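Hi,

Here is the structure I promised to send over.

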Amino acid sequence: MELFRLTLASIINRKTFAIFAVLLIAIPFVLPYMTPWETKPSIIEPARAQAAWWMLWVTAACWLLFQGANIGDRWASHGILEYFKTLGVNRISQMGQLWLACFTVFAGMILITFGISTFTAMPGDPIEAKHWLITNCQYVILFLMVTAPLLMLSIALGTRFRGAAAYAVTIGLLVHGLFGIRYLEVFLADNTSPLLNFLYVVSPHYHLSDLTSRLVFKLGSLPWAELGNTAVYLGGLGLLTLAFSIQLYREVK
Amino acid sequence: MSRSTLISALSLAASGLLLTVVGSGALTKSSQLAAGDNPFGIYRSAYGKLLARLGETTIDRIWHLGVEQIVPHYMSGESHSTAAVPKGTETIVAQKLPAKPVIELAKSWIQKRVVSQHSRTNPYSLSDQHKHRVHKDIEKLMSRSYRLDPTHYGAYNSYNLFITHHTFGGTDESRDHAKVLGEETIRYIEDENEDAEVFLTAASASMNLFIIETEDARVNQTPISLETLQKYRDQISGFLTTFEKLQEKAQDSGVWDNVSTDRQVEIAQRYRFSKKTFGQFDAMIARAENPDQVEATAEVAETQD
């Protein structure tokens, strides 16, 4: 686990995570008071949960994926990965250690969001509170199923290309999966083009992991069968992303 | 790459592909794959309300620059009724005014630059096609504001006005759309039990629905049925009563104190306006109930003339 310790020490030493950690805590408590809450104070709690999850997505897009791409690029360029290869640390172990180092810090951020969303915005009614807790747990699971494989991809791309290019590809995939598909649906509403339909089907439907609406409008937890379908789909996408990442990963640049 | 790594990657890819196909099949069956139209729950949320209000400034800017073709009032600081200082008297007026602090002079200097940045120097007006484009842009922005917060008085009413008014490109189809819009607005608001302000939007939507429903009768000068009048009177009365109750509750609990004075005045003005328009219903119902008496009164008035 030498590579893990080295990477983790490097991330902590750079301290950029601290900026996002502060924002993750501050924004959910500040942003709801910028809304017109005065005539309806009960919108503050759902708005807090909403802001907490938005911030986590922003942190995943701006910090996590960038860290992965940057570390992959830096370690491969500086010969660190090649050095560990000569010590007998194989490709999959290297990838696992780099991923774990980034995710160790990010796990703390997920806990912050989960804590704020669950405990500072929980409804008073016991049944609603139970649904709220379950929805937050489901959201964490689905969120991990999207961000964890993308982090692996950003690391692998970073070892092969420049960090900026690796970051651009992974954030592009995330944005397309979260927002781009919605635009594609608008085009498909009055268009039968097989190419667009094919693009729609093979696009990563990351938007399925977005349970923010369920929290904001107190829709209750996702039925377990539906969660299972989504988890199977996102899990499959994750495995595919992992397989591509293993192929793309290079110890030497 | 070693043989074992390659085999791992290939088996991961195969199982990933299998799971993705199985998962997407199940999701397609249960219609879950569609992305929907509310990413991260923004529409109709607290931030939707905020963005709908912020959108008003954009709409205001495009309206004044594109339709009225003047510098927006919030930039120039001048209202429609501001009387211009007669030419040649600016210096005299300026001398009579008390000296401004430096910070105010600096702000005024910046404001003048913003005004000149947006002042029209082209002697020609926008072409009709261009104006039509501007109208459509404004309509799109208003539609977005409405989707962000369907309960917002300004967002609903301005969008309704835009799609029903011929000057702004309103058609018979868009008037049908306005009917759906009014009904949807009322549906969103009906279950509200905290925010008093939204019931003024509901009252306004009900009034708009009444206007749409009785449009033909007013154009053809045929009487409006008593049932229609009573239906809308009861509905609007219900909304205004709920507004009063919720406002009283907010005042008692101290929530009303959170609302700024400007907004309190704005809400009070809207309430007075709604009350005044609602007040006409009793007279209309009285006329509908006793048409003979009304005719007789009219005849007497004509004779006296």
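Let's start with α9(B), which has 16 residues and reaches 23 Å from its first C-alpha to its last. That is close to the 22 Å expected at 1.5 Å a residue (the expected span is 1.5 Å times one less than the number of residues). Helices here are DSSP runs of H or I with at least four residues, and strands are runs of E with at least two, numbered from the N terminus. Of the 16 residues of α9(B), 13 are buried, so this helix is largely enclosed by the rest of the structure. Buried means 20 or more other C-beta atoms within 10 Å of a residue's own, exposed means 12 or fewer, and partly exposed is in between, with C-beta atoms placed from the backbone.

Before going further, some housekeeping: this is a predicted model, where local features need pLDDT of at least 70 and side-chain atom pairs count only at pLDDT 80 or more, while totals for chains, interfaces and linings use all residues. Residues are numbered from 1 along each chain as its sequence is written, and chains are lettered from A and ligands numbered from 1 in the order in which they are written.

Back to α9(B) (residues 198-213): its axis and that of α7(B) (residues 153-164) come within 9 Å and cross at roughly 15°. (Axes are lines fitted to C-alpha atoms, for helices over the stretch in contact, with angles from 0 to 180 degrees between N-to-C directions.) That makes the two helices roughly parallel, the word for angles under 35 degrees. On the α7(B) side, Tyr153(B), Tyr156(B), Asn157(B) and Asn160(B) meet Leu200(B), Thr201(B), Ser204(B), Ala205(B) and Asn208(B) of α9(B). Contact means C-beta atoms, placed from the backbone, within 7 Å. The residues of this contact are four nonpolar, five polar and no charged. (Nonpolar is Ala, Val, Leu, Ile, Met, Phe, Trp, Tyr, Cys and Pro; charged is Asp, Glu, Lys and Arg; the others, Gly among them, are polar.)

Now the chain contact, which takes 39 residues from chain B and 43 from chain A. On the chain B side, α1(B) gives the most, with 16 residues. That side divides into 20 nonpolar, 13 polar and six charged.

Arg44(B) sits in the loop between α1 and α2 of chain B, and with 19 C-beta neighbours inside 10 Å it counts as partly exposed.

Cheers

Notes:
Two residues are in contact if their C-beta atoms, placed from the backbone, lie within 7 Å. Angles under 35 degrees count as roughly parallel, over 145 as roughly antiparallel, 65 to 115 as roughly perpendicular and the rest as oblique.
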